[in-house]
Amino acid sequence: MSIVQLSGQLVCHDQDQAAVVAEHLSGHVARTRAERRCLSFRVTSTDDPMVWQVEECFEDSSAFKEHQDRVAGSAWGRATVGIERHYAIDGL
C-alpha cells in the first residue's frame, strides 16, 4: 500500500464563504488529525484571505477514503460543500 498525499487550495469567492471556513476549520482540523491513519493534515491561510493551502497525508487509499467519507457527512462537509477546491492527489 502506498501513502496518499493531497495538496491544493480551498478558494472562497466571497466573505460569506470565508466566514464559513473560519467558523468550522479548527474543528475539522482537530477531527482529521485524530483519525487513526492520518499522518499529517494542515490547512493554512495564504496572503490572499480568500484562499487556504491544504496539505493532507494518509497511510493508504483506504484511510483516505475513510476520511473522505467521514468528511462528507460532517458539519465541515455540509457547510463547505459549495466552496471551490483545487487539489492534486498522489498515491491513489
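**Exercise 1.** Is Arg70 buried, partly exposed or exposed, judged by its relative accessibility?

*Solution.* The model is predicted: local features need pLDDT of at least 70, side-chain atom pairs count only at pLDDT 80 or more, and totals for chains, interfaces and linings use all residues. Residues are numbered from 1 along each chain as its sequence is written, and side-chain values use heavy atoms, without hydrogens and water. Buried means under 20% relative accessible area, exposed over 50%, and partly exposed in between (1.4 Å probe, protein chains only). Arg70 has 28% relative accessibility and therefore counts as partly exposed.

**Exercise 2.** Determine which residue Arg70 meets in a salt bridge, and where the two lie.

*Solution.* A salt bridge requires a side-chain nitrogen of Lys or Arg within 4 Å of a carboxyl oxygen of Asp or Glu. The side chain of Arg70 meets that of Glu35 at 2.7 Å, N to O. Glu35 belongs to the loop between α1 and β2, whereas Arg70 belongs to helix α2, 35 residues apart. Helices (H or I, at least four residues) and strands (E, at least two) are DSSP runs, numbered from the N terminus. Glu35, at 16% relative accessibility, counts as buried.

**Exercise 3.** Describe the salt bridge between Arg37 and Glu66.

*Solution.* The closest N and O atoms of Arg37 and Glu66 are 3.0 Å apart. Arg37 lies in the loop between α1 and β2 and Glu66 in helix α2, so the pair ties together parts 29 residues apart in sequence. Arg37 is buried, with a relative accessible area of 13%, while Glu66 is partly exposed, at 48%. Arg37, Asp60 and Glu66 are linked in a network of salt bridges.
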